[in-house]
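This report is meant for a reader who is meeting the structure for the first time. It begins with a pocket and its lining, then turns to the chain as a whole, to the spans named in a record, and to a few individual residues.

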Amino acid sequence: MTNDTNQIAQDKIPEAPLRTLTPDGFVHGLIAFIALAMLLGLPGNVLVVLVHRRIKTPTATDWVVFYLASCDICSLVVCGPSYILQMTKLWNNFMPSFLCSFHFTILHTCFIASTCLITVVAVVRRSVMNTNREPISARTSKLIGTIVIFVSIGLGSPSFILTKNTPSGFCYYDNQKAQLQTIVYGVYLLIILISNAITCACYVSIIPKLRNAARVAPTDSDIINTAFVRIRRAAIKATICLALVSVVFFFSTAAPLTVVTVLNASNHNVGVVVNTLTFFFSRLYFMNTFANPLIYFWINNGFRQRVRSMFHRNRVT
């Protein structure tokens, strides 16, 4: 009788049907995906941070990229192992409840910070393409990045009281605080909508600039023209690189988490397909954490040169 009661209680936990209605093969695939994200994302983002430290005069864009990489490292270190433990159900056996709260706090903090930082870099790149200069100094960009991180910590902190281990060991939301959860997620959705609208508007407005890359030079001097074209093309490549980062972030993080939020607010017991999609979308954001360094290395010539220079110096020493 006791076992039946415990089973019924467990089935009423939102995370329980999310696990039981998700095919095992799909769960194993997601575990492999998160492991791959950690394998590629951790060294990749650490490399971005190390390259940034070697830049003598970092720009406003460089500081935003540095903070983005730092958020991805934090997310991979904390949330990667946590999700693997949860999906293998090892979490249920020994992990304390405060680590569940810490997991969701870091998850939401890094998500909000990344969303805002990507918007900041979009505004900066729009100014670069329109006026050939960044709208803020590197020092101001560093300060803005720091403020974004601290504000994001504040916005992510409600997870400490909204999430905990359930009696059966699942790390999930506290149903007794559903009203507060709705308010908090409403704020998150508002941030997503505003930030992504600004980001989209910035990049859409500079599409004509990208199409007419370096066709007009400032003077009649061939030497100056060549230098201008070279600098302009480098700026365009950097802008395209960061625009691609924004696109990956939107489709791997912002849009899926919005869908998950709506599904969680509606009904958890909605069948195998929707539960599988919810399970998938809530973990898809790991794609963003390892894709960014790959995009930098693929498109940004300056980043590739700095990486080669860093390894070359290490070999010499």
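## The largest pocket

Helix 11 provides the largest share of the lining of the largest pocket, namely eleven residues. The model described here is a predicted one, and in it the largest pocket holds about 840 Å³ of space. Its lining is made up of 34 residues, and those that lie nearest the centre of the pocket are Arg125, Ala234, Ala235, Ala238 and Asn300.

Which helices each supply at least two residues of this lining? They are helix 3, helix 4 (60-87), helix 6 (97-131), helix 11 (222-266), helix 13 (286-299) and helix 14 (301-316).

## Enclosed cavities

The model also contains three cavities of 30 Å³ or more. The second largest cavity has about 100 Å³ of space, and it is lined by 13 residues, of which Ser75, Cys110, Phe111, Ser114 and Tyr285 are the closest to its centre.

Two or more residues of the lining of this second largest cavity come from each of helix 4, helix 6, helix 11 and helix 13. Helix 6 gives the most to that lining, with four residues, whereas in the largest pocket it is helix 11 that has the largest share.

## The chain as a whole

The protein chain has 317 residues, and 47% of them count as buried. Its secondary structure consists of 14 helices and two strands. The accessible surface of the chain comes to about 16300 Å², and carbon and sulfur atoms account for 67% of that surface.

When contacts in the chain with a separation of 6 or more are considered, 80% of them are between residues 24 or more positions apart.

## Spans annotated in the record

An unreviewed UniProt entry carries the annotation "transmembrane region" for residues 26-51, 63-84, 104-123, 143-163, 183-206, 240-265 and 277-299. Residues 183-206 are 96% helix and 0% strand, with the end C-alpha atoms 35 Å apart.

## Aromatic pairs

A pair of aromatic rings is described by the distance of the centres and the angle of the planes. The count of such pairs in this model comes to eleven. One of them joins Phe66 and Tyr67 in an edge-to-face arrangement, with 5.4 Å from centre to centre and 65 degrees between the planes. This pair counts as edge-to-face because its angle of 65 degrees is over 60 degrees.

Are the two residues of this pair buried or exposed? Phe66 is buried because its relative accessible area of 17% is under 20%, and Tyr67, at 10% relative accessibility, likewise counts as buried. Ring pairs also bring in Trp63, so that Trp63, Phe66 and Tyr67 are linked into a cluster.

Notes. Residues are numbered from 1 along each chain as its sequence is written. This is a predicted model: local features need pLDDT of at least 70, side-chain atom pairs count only at pLDDT 80 or more; totals for chains, interfaces and linings use all residues. Side-chain values use heavy atoms; hydrogens and water are left out. Buried means under 20% relative accessible area, exposed over 50%, partly exposed in between (1.4 Å probe, protein chains only). Contact means heavy atoms within 4.5 Å. Accessible areas come from the Shrake-Rupley method with a 1.4 Å probe; for residues, only the protein chains shown count as cover. UniProt positions are given in the numbering used here, feature names are shortened, and annotations may be inferred rather than shown by experiment. Rings of Phe, Tyr and Trp (its six-membered ring) pair if their centres lie within 6.5 Å; planes under 30 degrees apart count as stacked, over 60 as edge-to-face and the rest as tilted. On a 1 Å grid over the protein atoms alone, a cavity is a set of points where a 1.4 Å probe fits but cannot get out, and a pocket is an open set with protein on both sides within 12 Å along at least five of seven lines; lining residues have an atom within 4 Å of a point. Grid points are joined across faces, edges and corners, and a volume is the space filled by probe spheres set on the points.
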